[in-house]
Amino acid sequence: MKLVFAGTPEVAVPALDALIASDRHEVAAVVTRPDAPSGRGRRLVASPVAQRAEEEGIEILRPARPRDEAFLTRLREIAPDCCPVVAYGALLPRVALDIPANGWVNLHFSLLPAWRGAAPVQHAVIAGDETTGAATFLIEEGLDSGPVYGVITEDVRPTDTSGDLLTRLAFAGAGLLAATMDGIEDGTLKAVRQPTEGISLAPKLTVDDARVDWAAPALRVDRVVRGCTPAPGAWTVFRGERLKLIQLRPTPDRTDLAPGEPAVGKNSVHVGTGSYAVELLWVQPQGKKPMRAADWARGVRIAPGERLGAAEGAADVR
């Protein structure tokens, strides 16, 4: 088939590579978000998908909106048989959905109908799911509600961050998307309607979602930190400033600390939760680089009675 691939971030590149490598399909163009400001200089930088397409000499379409007439006109001129999608980042209007003969087929990183929305992997980790996966489905105007072509499953490991899990799903899902294109092309694959039960939503996580509640059980604290790593980044407040929590681990044998109460050892920092304590491993103070938690604690010299997550200064962390 002639394909127009739609995607933007790094997580979409493995799927693009798989389709480029296929001897059954032609990637005629890619659709991606416009170049965006990046870094301290705020210079415009092309998306990872655009950079990969440029390396291969593939035409790049960067509409400000997918309903822009110039984009729609060019898409009709290309006349794709199908448009595979991975994390494109914009809603597709009906007029665009109707152009390819076999529609737009999305690779979504959950076992639909679970975790429909922008952050399925983060929500799966935070919820404590033991198994997740990826699905390919025909895009409709509803939120990730279209009929499903295929699925793969992936175990969620006890120490997985959302970044770890998403990387594995990106590569496994790339094969699923390529196989889905094969099945559509040869007519052996038919989309099946999603069940009406088991629907859950996965909206984009906000900064507030990533704030750790030390009164929550240790397992919940651990899941929030792992689910919000690398983005949006879990955090707490200490002395009125934001402290990013990069890595910690539950320590069930430590039950003597109140929620948010730190205990500094020679080479360790424990913090109490609503159940047992967690050990902080890596943190990032506001305006500084990531560091080992023990080094941070030695530097700030935590005084008796001080707590992580104290309310003072909370309004200053946005």
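Biologist: Which elements each supply at least two residues of the lining of the largest pocket?

Modeller: S7 and H5 do. The labels are DSSP runs numbered from the N terminus: helices are H or I with at least four residues, strands are E with at least two. Before we go on, two reading notes. This is a predicted model, where local features need pLDDT of at least 70 and side-chain atom pairs count only at pLDDT 80 or more, while totals for chains, interfaces and linings use all residues. Residues are numbered from 1 along each chain as its sequence is written, and side-chain values use heavy atoms, with hydrogens and water left out.

Biologist: Okay, but how do I read a pocket, and what volume does the largest pocket have?

Modeller: The general idea: rolling a probe the size of a water molecule over the atoms shows where empty space is left. In practice there's a 1 Å grid over the protein atoms alone; a pocket is an open set of points with protein on both sides within 12 Å along at least five of seven lines, unlike a cavity, where a 1.4 Å probe fits but cannot get out. Lining residues have an atom within 4 Å of a point. Points are joined across faces, edges and corners, and the volume is the space filled by probe spheres set on them. Here the largest pocket comes to about 1000 Å³. Its lining has 32 residues, and Ala87, Tyr88, Gly89, Gly117 and Ala118 sit closest to the centre.

Biologist: How do the residues of that lining divide into nonpolar, polar and charged?

Modeller: Ala, Val, Leu, Ile, Met, Phe, Trp, Tyr, Cys and Pro count as nonpolar, Asp, Glu, Lys and Arg as charged, and the others, Gly among them, as polar. In this lining that gives 21 nonpolar, 7 polar and 4 charged.

Biologist: What is Val86 in contact with, beyond four places in sequence?

Modeller: Contact means heavy atoms within 4.5 Å. For Val86 the partners include Phe5, Ala15, Leu107, Phe109 and Leu177. H1 has its own buried set: Val13, Pro14, Ala15, Leu16 and Leu19. Those residues are covered by elements including S1, S2, S6 (83-86) and H6.

Biologist: How do I read a strand, then? Are the faces of S10 covered or open?

Modeller: In a regular strand the side chains alternate between the two faces of the sheet. S10 (residues 235-238) is covered on both: Trp235 and Val237 on one side, Thr236 and Phe238 on the other, are buried. As for pairing, two strands pair if DSSP finds at least two bridges between them. S10 and S11 (residues 241-251) run antiparallel with 4 bridges, and Val237 stands opposite Arg242. The two form a hairpin with 2 residues between them, and Arg239 in the turn has a positive phi of about 50°. S11 also runs antiparallel to S14 (residues 277-285), with 8 bridges; there Thr251 faces Ala277.

Biologist: Why does Ala79 count as partly exposed?

Modeller: Because its relative accessibility is 43%. Arg301 also has a positive phi, about 50°, in the segment after H8 (293-300). Arg301 counts as exposed because its relative accessible area is 70%.

Key: Buried means under 20% relative accessible area, exposed over 50%, partly exposed in between (1.4 Å probe, protein chains only).
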